[in-house]
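Here are my notes on the two-chain model you sent.

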Amino acid sequence: MKNDAIMIHEKDNVATALRDIKPNEKVVVGTGDKSSVIQVQQPIPYGHKFAVRDIPGGEDILKYGEVMGRATQDIAGGTHAHIHNIESLRGRGDLER
Amino acid sequence: MEFQGFRRKDGSVGTRNTIGILSTVVCANEVADDISRHVEGATAFMHQQGCCQTPVDIARVNETLIGLGKNPNLAAVLLVSLGCESTAVGEVAKAISEAGKRVETIVIQEVGGAAKSIAEGTLLVQDMVQEASRLERTSCPVRDLVLGLKCGSSDTTSGLAPNPALGIASDLLIEAGGTSILGEVTEFIGAEHLLALHARDEDVGKQILDLVKRMENRAKSAGQDIRGGQPTGGNIKGGLTTIEEKSLGAIAKAGTAPIQAVYEYGIAPQVKGLVVMDSPGREPEILTGLAAAGCTVIAFTTGRGAPQGFPFVPVIKITGNKVTWDKLRDHMDMDVSSVMEGEETLPDAGKRIFREILQVASGMLTKAEISGYTKAMDIYTVGPVI
């Protein structure tokens, strides 16, 4: 079965869309040799990410099995995960003023 | 394993046999550019520096020009100077000539203006081109190659296909005894702990972490969240959310070879294997830094399609984004979107990139060379213009 999205590491809580995904689509998310099916709630453009499970605000966002930022609000499984709900923890000169 | 290169008097090997017309200050760019238009086989390097800067940056400009002049891809060098700049033009000329190549200098204020300088410089460069054309390519071992690693205009495909594939190609080069230089320290932020694990010893690991801290502090000194600047607006449109995410994808192009040493911007490595060089990620500065450090070929992965090459170093553009490959054919050299589609394995794509690097090193032209998209370059400086 062809993957619609890829979750790079099994620890990850986000997956990357390998094509434009429409709302309410059930998509195949590949992780290594395994895959699972997730219902996506919102349009996800090619290359963008969605949560693979409910992520509470304040939790680390994991991709490549590494911390890539932090949820600024609750992110429901299957919804778009990007700059509107994820903040960077690095290069934050605004927090040091 | 061999490629066809130009063996220089100092033992280094070039992949091109070009005459470099190096502007020594922003005010001499016009003349350097004009001379290059009158001669086949010569290219101009132009930049915005060389005057009204703090001493640390003037030293940086001198060192970078020396490094560029010594690059094995240049058979000979013409320095184009205005005359009143801060750049130590005489010292730069002397240091480049120590590599055993001919260096001439034109000083616009002494010759008497642009028109006369262009005429005089053109005659000099024409003579240099003819002299250089006697040298033929010969079989040279792959260990004589110095590869620059760069990614630009990244999107989420970059970290999934072209960067890890380039990492495999870089590992193959290093296994054969060659050298790869990794820059873009800004794009280590958030992934430096993984890079430090690749360091050959604790000391090199600490140098990598210190370099990242210095770059991050510089970025933070503006008192703002760097998002929008890093990752860029284009990165964000392409799906990259934070600098950490961009970095985690970017470092994949370094492969798995141990990091042997850490160098300042534009400094030629004294060891073989994988090394790190201080540099920001922006194209004009890092391409110049890699060339000044002696890279004779650069592999440049891109998601959304960065067009830049460098005046005398071939830059191979590799994309994993099928849309970019189809839309930007005049800028892209290689398509590895097959990895995204699951039609090619990363090791196979890596081997394909390695073969392309050897072909380009042996004379195959890149799109950036053919289109001449190489003019907007600069030198990385750290202080103010004063």
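1. Glu184(B) counts as buried, because its relative accessibility is 1%. The model is predicted, so read this as a computed value. Its backbone deserves a look too: Glu184(B) is not a glycine, yet its phi is positive, at about 55 degrees. The residue sits in the loop of chain B between strand E9 (179–182) and helix H7 (192–197).

2. Cys52(B) is another non-glycine residue with a positive phi, near 55 degrees. Its loop runs between strand E4 (42–45) and helix H2 (55–70) of chain B. Is Cys52(B) buried or partly exposed? It counts as partly exposed, because its relative accessibility is 41%. As background, most residues other than glycine have a negative phi, and most peptide bonds are trans.

3. One peptide bond to check is the one from Gln230(B) to Pro231(B). It is cis, with omega near -5 degrees. Pro231(B) lies in the loop between helix H8 (202–220) and helix H9 (233–237) of chain B. Gln230(B) is placed in that loop between H8 and H9 as well.

4. The surroundings of Gln230(B) can be listed. At 15% relative accessibility, Gln230(B) counts as buried. Its side chain makes a polar contact of 3.3 Å with the side chain of Glu187(B). Leaving aside residues up to four places away in sequence, Gln230(B) touches Thr186(B), Glu187(B), Asn235(B), Ile243(B) and Lys246(B).

5. Two of those contacts, Ile243(B) and Lys246(B), belong to helix H10 and are buried. Helix H10 of chain B spans residues 243–250 and is mostly covered, with eight of its eight residues buried. The buried set includes charged side chains, among them Glu244(B) and Glu245(B).

6. Between chain A and chain B the count is six salt bridges. Polar contacts across this interface come to 23 residue pairs, both partners at pLDDT 80 or more.

7. Which strands of chain A each supply at least two residues to the side that touches chain B? They are strand E7 (66–71) and strand E9 (86–87). E7(A) gives the most, with four residues. The residues on this side of chain A divide into 11 nonpolar, eight polar and 10 charged.

8. The overall extent of the interface is as follows. In chain A, 29 residues are in contact with 33 residues of chain B. The two chains bury about 2,500 Å² between them, and 53% of that is on carbon and sulfur atoms.

9. Arg90(A) and Glu216(B) form a salt bridge, with their closest N and O atoms 2.7 Å apart. This pair crosses between chains: Arg90(A) is in the segment after E9 of chain A, and Glu216(B) is in helix H8 of chain B. Arg90(A) and Glu216(B) are both buried.

10. Within chain A, the side chains of Glu87(A) and Arg70(A) meet in a salt bridge of 3.1 Å, N to O. Glu87(A) lies in strand E9 and Arg70(A) in strand E7, so the pair ties together parts of chain A that are 17 residues apart in sequence. Glu87(A) counts as buried, at 19% relative accessibility. Arg70(A) counts as partly exposed, at 31%.

11. For contrast in setting, take Lys94(B) and Glu98(B). Their side chains meet in a salt bridge of 3.5 Å, N to O. Lys94(B) is exposed, with a relative accessible area of 56%. Glu98(B) is exposed, also with a relative accessible area of 56%. Elsewhere, salt bridges that share partners join Arg70(A), Glu87(A), Arg92(A), Asp94(A) and Asp225(B) into one network. The structure holds 32 salt bridges over all chains.

12. How many disulfides are there over all chains? The count comes to zero. Cys84(B) is in no disulfide, and its nearest cysteine sulfur, that of Cys51(B), is 6.0 Å away. Cys295(B) is in no disulfide either, with the sulfur of Cys151(B) the nearest at 15 Å. Cys295(B) counts as buried, because its relative accessibility is 0%.

Notes
Residues are numbered from 1 along each chain as its sequence is written. Chains are lettered from A and ligands numbered from 1 in the order in which they are written. This is a predicted model: local features need pLDDT of at least 70, side-chain atom pairs count only at pLDDT 80 or more; totals for chains, interfaces and linings use all residues. Side-chain values use heavy atoms; hydrogens and water are left out. Contact means heavy atoms within 4.5 Å. Buried area is the accessible area (1.4 Å probe) that two parts lose on being put together, summed over both. A salt bridge is a side-chain nitrogen of Lys or Arg within 4 Å of a carboxyl oxygen of Asp or Glu. A polar contact is a pair of N or O atoms within 3.5 Å; within protein, one must be able to donate a hydrogen and the other to accept it, and residues adjacent in sequence count only if both atoms are side-chain atoms. Buried means under 20% relative accessible area, exposed over 50%, partly exposed in between (1.4 Å probe, protein chains only). A disulfide is a pair of cysteine sulfur atoms within 2.5 Å.
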